[in-house]
Amino acid sequence: MNDSDWKLILDYLDGTCSEEKSKDLEERLSREDDLHRLFGEVAKINEAPDREIPKPDVESALFAVARRLGIEDEISRKPKPNVRIARHSFRRRNVWPGKTTILRIAAVIVVAVGAALIFRQTMLSPFQEKVIVGTGQRFRLTLDDGTKVTLDSGSDFRYPRSFSQAQREVQLNGEALFEVTSDSDRPFTVSTQDGRITVLGTVFNVRAWREGDKMSVTVIEGSVTLESMSAQSTDSSVKIEAGQMSVLEANRPSTPLLVNVDEYTGWLQRKKHFKNTSLREVLDQLERWYGVSISLSEPSLNHERITVHLDNKPVNELIDLVCLICGLSSKQNGSSYLLSPI
Amino acid sequence: MQKSVNQKFESNPTDHSFSTCEDRLTIQKVCEGNASAFAELFRKYYEALYRFATRFVSDTQVAENIVQDVFVKIWESRASLKIHSNVRAYLYMATRNHALNVIKREKRTVSIDGYTNFESSLKSPDEQTIDKELHKAVHKAIAQLPERGRRVYEMHKFDGLSYSEIAEIQQVSINTVKTQMQRAMKSLHKQLSYLLTSIIKILIS
């Protein structure tokens, strides 16, 4: 294997190869067994990730340095307690997508068309921040444009550190109350697994749990549009006005109805009203709020529908209440509960 | 190479750092004494530079100290700071230089080769997949590369630095970097080929 072959393979894996050379290589790989084998082996080495080292505490380090320089007061603290913040910023190139085996490489090369794309790196957008709220906690943060977001326990929220010129986009899995600052030039969009909400400036509540029931949006002030993620045209988007709520059912937003908004924002005070909701969803909510785990002795019970109002009470009382409604009894073991029919 | 911050920088065709424009604005603010900009720069680069520093010294606390010292120095000399076009490369270079100084000063207490110490101090993963075993072997092989070649390999593959950035940081020509990269890859391949061929056999059978 000569030097120029090596150079070609390395450039190809780096993604710095010209289209022409890439096609050249792919063609040769399908013909020359030796080169193919070499390529596969080098590719495997290439995909080895960096070794693991303990993560540093960036904020502590920053303030240690700030104190040394006497500029501690001029630096704002980033919100920390009870929340894990993961930063996604573009750093590594040459990331081999997934667990590509050598056999799969062989198959892809034979296909040829579009094969080059598979070996190029996947890029994460720069400055994506992620917040995961711990169980039993709520977390409030302010975005780059002044928008305030209050997240409920267990929620997973992604947002850019600074919004682009054209729009403000965030992603949510969970439940949050949004107080969006007005900006007529930049619509604010919340994407969830099932739906997308677009707004210019307003206050609204989104409930969109991946594992949960239907996604619901309640507007407190202003108005928003809601459409399904799988919407083919904008015909199936609805406008929800203040005091109204809409639910995504069968990929279509329901006609907005007037509701008692307090019912839907009650989670802020740990109050929640569940109407004809699956037992599992109610128990999931308790798990997230109180950091406990609740299981049922009979899995079929998960799908039972109940109507219940949860108040800000100790978890044992609430579990007892749910048991009363369903005719179950609970057995506690530390922070785990097992519910079984009486 | 010494250009003032206010000059236009030439964009490098193989430069993959998306943030160059923003960095230059941030650095300018730092030079003007803006502590928030300083904090922003710190938060953005600290972890990556720390990771980079651990390639020189195995002690994570020492690595953190090195990076913190770099930032302290930047702030203290902000009035006369002259950074060439690429802020990222500058930070890596400053970290490298500082790390090498630390190594020189404390030859007895600080380990020069960071890799092998890490391998033994970390718990090995429970999952015994072929991939994990191969990755461990790759790390061991990387640790055995000659110092220059190893640094180039790590900077390119793990720190995501371009060849021209590495050339700047290591103070060598781009061709030297390319040659070292190739040599490193060949060496790794040679070391690992026995393992790779047996892996292929396992996968095929």
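B:Gln171 lies in the loop between α8 and α9 (174–204) of chain B, where helices (H or I, at least four residues) and strands (E, at least two) are DSSP runs numbered from the N terminus. At 52% relative accessibility, B:Gln171 counts as exposed; the class requires over 50% relative accessible area, while buried means under 20% and partly exposed lies in between (1.4 Å probe, protein chains only). The residue has a positive phi of about 60° although it is not a glycine. Most residues other than glycine have a negative phi.

The model is predicted: local features need pLDDT of at least 70, side-chain atom pairs count only at pLDDT 80 or more, and totals for chains, interfaces and linings use all residues. Residues are numbered from 1 along each chain as its sequence is written, chains are lettered from A and ligands numbered from 1 in the order in which they are written, and side-chain values use heavy atoms, with hydrogens and water left out.

Helix α8 (residues 163–170) of chain B packs with α4(B) at an angle of about 35°, the axes being 9 Å apart. Axes here are lines fitted to C-alpha atoms, for helices over the stretch in contact, and angles run from 0 to 180 degrees between N-to-C directions. B:Arg88, B:Ala89, B:Tyr92, B:Met93 and B:Arg96 of α4(B) make the contact with B:Glu165, B:Glu168, B:Ile169 and B:Gln170 of α8(B), contact meaning heavy atoms within 4.5 Å. By class, four of these residues are nonpolar, one is polar and four are charged; Ala, Val, Leu, Ile, Met, Phe, Trp, Tyr, Cys and Pro count as nonpolar, Asp, Glu, Lys and Arg as charged, and the others, Gly among them, as polar.

Helix α4 (residues 87–105) of chain B also packs with helix α3 (residues 60–76) of chain B, at an angle of about 120° and with the axes 9 Å apart. That angle makes α3(B) oblique to α4(B), given that under 35 degrees counts as roughly parallel, over 145 as roughly antiparallel, 65 to 115 as roughly perpendicular and the rest as oblique.

Leaving aside residues up to four places away in sequence, B:Gln68 touches A:Ala61, A:Ala64, A:Val65, A:Arg68 and B:Tyr46. Elsewhere in chain B, helix α7 (residues 147–157) is largely enclosed by the rest of the structure, because nine of its eleven residues are buried; B:Val152, B:Tyr153 and B:Met155 are among them.

In chain A, the secondary structure comes to nine helices and 20 strands, and 47% of the 342 residues count as buried. A:Thr181, in the loop between β6 (168–179) and β7 (188–191), is partly exposed, with a relative accessible area of 25%. The C-alpha atoms of A:Thr181 and A:Asp145 are separated by 7.0 Å, although the two residues are 36 residues apart along the chain. A:Asn276 is placed in strand β16 (residues 272–278) of chain A and is partly exposed at 47% relative accessible area. A:Asn276 has a positive phi of about 50° although it is not a glycine.
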